[in-house]
Amino acid sequence: MTQPAGTRREALETVVGTVIGSLLWAVLLNSILELLMTGGDFKRLFSYTMYTSASLFVLDSLVVWVIVLLVLATIGRLWLTFAITLGVTLVIGLVNHQKLALRHEPLYPSDVDFLRSPSFLIEMSGWLPLIAGVVALVVVGAGLLFVGRRVSRTFKPIRRAATPRAWAVLGAGRALTLAFCVACLAQLSSFNAQGNVVKEVYDARGAQWAWWSQQVNYQRNGVVAGLLYNLHVPPMDVPAGYSRASMDALARKYGAIAKQVNKTRDPRALDDLNVVLVLSEAFTDPTVIRGVEIDKDPIPYTRALMDRTTSGQMLAQLMGGGTANMEYELLTGLSLADYQPQLVSPYQMLVPKSSAFPSAVGYFRDLGHRTIAIHPYRREFYHRDDVYPILGFDEFVDEKKMQFDSRLKNSEFISDEAAFDEVLAELDDSSAPVFLNLVTMQNHYSYDPQFDKEWPVEAPGDLRKDLARYATGLNYTDGALAEFLGKLSSSSEKTAVVFYGDHQPAIWPDDLVQENGEPAMKTTPYFVWTNFPTSRIPTPELVSPTQFLPLLFDQVNAEKPPFYVLLDRLREVIPAREQGVAYDAEGRLVAAEDLSPEAEELLRDYQLVLYDLSVGERYSQATMFYDAETTSAATGNQG
C-alpha cells in the first residue's frame, strides 16, 4: 500500500531530527564533562576547549555521540536515551570533579572497582553530595521524559501500523547503527594498541599526552580523551636487550657484587627477626607546609625518634591518594616510574594477572617467617583480598577479623592504637618469626568532628577546621606509636619496624599546593627502628618506598639478595623516582639527559630486572631475589 507523502515526509523529518538532535546532545554532554571538571569554568570552556583545542573537543564529542547512538539504537527511544546518557554523564563528571578535589588526580576507568565498596565512597564524599546528585538525576531525567512526550506530539514517532515501510527501514537503520557503534567501541577499547586508528586521529589533531600528570592530560585533551588514554595498556614496553641471556648476565653481575657485600654481613641476621611494616595513613609533618601555622607540634615523639634512627623523607606518588601503590613499591621493590603511565594501580591492573608475584613477602616466607597482612578496613579494597595471597601472605586480618577494633570517639575508622594492639597480639601468638604488613586507616579523609579536641592551627578559610582535626589525628597516632614501640622495646623478641606515611592528606587547596610546589607536597616521614642495638644508616634527602627494605637490611647487617644490592646502587645516584621525575641523593631534581653514565647504566639494569620480575618470564627471580620454585611463573602479564 502506498504511504501518503505527508506521512513519508514526517518519517524523514523524524529521522533527520533524531540524528541532528543526538549529535547536538553529544556536544552538550561533552561540554558538561568539561564544565564539571573545572568546577563550572565557562570561560575556559569557550576560550580553550572550544577554541584553542576545538579539534580535540570535536573528537571527544564524536566519541560521546557513538555512545549516544549505541544506547539509542538499542532501546529505540530518543528521549529515554537522552535521560540515560545525561545521568551517566553527570555521574562521571561529578565523580571526576570530586576525585580531583580530594586527590588531585582524575577519574580512571579502573576506578570502577571502587563500586565494590560503595559505603567507602559515601564516607569519602559524604551523604549530602550523594543525595543532591540523586535528586538532580531524578529531576533532570523526569524533565527530559516530560519534554520528550510533549515533543513527540509534534514529531510523531514512526509506528509500524502507520508507516510499515518507514518502520522497516528504521529497523534496518538501527541494526546498522548498532553494528557501527560496536565496531567503533572495539577501536576505542584498544585505544593504546599499536596502530589504533582513533589514537592516530587524536595525535594528528594535536593531542598532547601529558604522561607525567593525568590531571594535566585531562585538562589538555579533554575528559573523554583522558579516559581513553587510561584504558587497558600493556604494563611496560619490552626493554631493549631483554632475553634469558641478558638476565643471566645481570644475575652474575649483581650476584658477584652481593657476594662481596655479604662477606661482612650476618647470614643469620633475619632468622629470628620480626619485621613489621607500618603504612600510616596520611601521616605527614604539616608544620613544614608554608601558608599555615601550627602552634604546637602534633608529632613530637616521631620527630625525636627520627633524630636518632635511620630516617628521612619519602617521595609519594600522589597527593591525597595512592596508598596501595606505595605499599606495592615497598613490598616488591618495583618502581611505578618505569611502568606505562596508564598503569595507575598495580594491585588492580597487574598483580592479579599472576598466580604468584615476586615480593619481600615471598622472600621472608622462604626464610621461614609467618607472613601476615593487617588492614583495619574492607578486605576487598584495592583487591587486597586477591592480591595479598598472590604476594605471598599466609594470613589477612581485615576489620572483621580483628580482635581490637576500638575507634576514636565518632570516627568511622579503627584507631591506630587498636591496629598496633592487633600487631602485638599477632607477634605474641606466633612461635615463628613474623613478617607483618600493617596498613592503617585512622587518619583517612574525611576529617569530620571525631575527637575530643582540635589542634591549635591557623589556616585560611575552611582549611582551618580540616587541618585542626587532621593534626589532632596525627597526635593520636604519635601517642599510639610511642606506646607501641615502648611495648616492643620490652619484648625479648628481636623486632624491626619500618614506619612511613603514604601521602599528604586530601585537604590542601590548589593555591597552597602551588605555593609549596613539589616535592614538598609529595613527601612524608619514614624511619627504620629496632628494639635492639643497631647502627643508624645515612640516608639521601629523599627516597622512594622501594628503598625501605634495603635500608632495613643495612641496619640489621643482614645479607642481601642481588636485587637489593642493585637497589642499593640505585639509591646512591637516584634514590627517589616517580613518573618522569628523578631526584639525586641531595634531593635535587635530575633530568633524564643529565644522568651520569653510571646512573644510566644502573637504571637500564634495574628496568630489565623490573620487567623480568613483574611482566616478563622471571628468568632472574631465583638468582636475583629468591628461589623461583616458591613462585609460579607470570601468567598473561603481557596482555
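How do the residues of the lining of the largest cavity divide into nonpolar, polar and charged? There are six nonpolar, seven polar and four charged residues; Ala, Val, Leu, Ile, Met, Phe, Trp, Tyr, Cys and Pro count as nonpolar, Asp, Glu, Lys and Arg as charged, and the others, Gly among them, as polar.

The model is predicted, with local features needing pLDDT of at least 70 and side-chain atom pairs pLDDT 80 or more, while totals for chains, interfaces and linings use all residues. Residues are numbered from 1 along each chain as its sequence is written, and side-chain values use heavy atoms, without hydrogens and water.

A cavity is a set of points on a 1 Å grid over the protein atoms alone where a 1.4 Å probe fits but cannot get out, and lining residues have an atom within 4 Å of a point. Five cavities of 30 Å³ or more are counted. The largest has a volume of about 120 Å³, the space filled by probe spheres set on the points. Arg103, Glu105, Val344, Ser345 and Tyr382 are the closest to its centre among 17 lining residues. Helix H13 (323–332) supplies at least two lining residues, as does helix H4 (78–103); the largest share, three residues, is from H13. Helices are DSSP runs (H or I, at least four residues), numbered from the N terminus.

Two nonpolar cores are listed below; each is a set of buried (under 20% relative accessible area, 1.4 Å probe, protein chains only) Ala, Val, Leu, Ile, Met, Phe, Trp, Tyr and Cys residues joined through side-chain atoms within 4.5 Å.

| Core | Size | Residues include |
|---|---|---|
| Largest | 120 residues | Tyr202, Tyr339, Tyr347 |
| Second, separate | 52 residues | Ile414, Leu436, Phe499 |

Definitions and conventions:
On a 1 Å grid over the protein atoms alone, a cavity is a set of points where a 1.4 Å probe fits but cannot get out, and a pocket is an open set with protein on both sides within 12 Å along at least five of seven lines; lining residues have an atom within 4 Å of a point. Buried means under 20% relative accessible area, exposed over 50%, partly exposed in between (1.4 Å probe, protein chains only).
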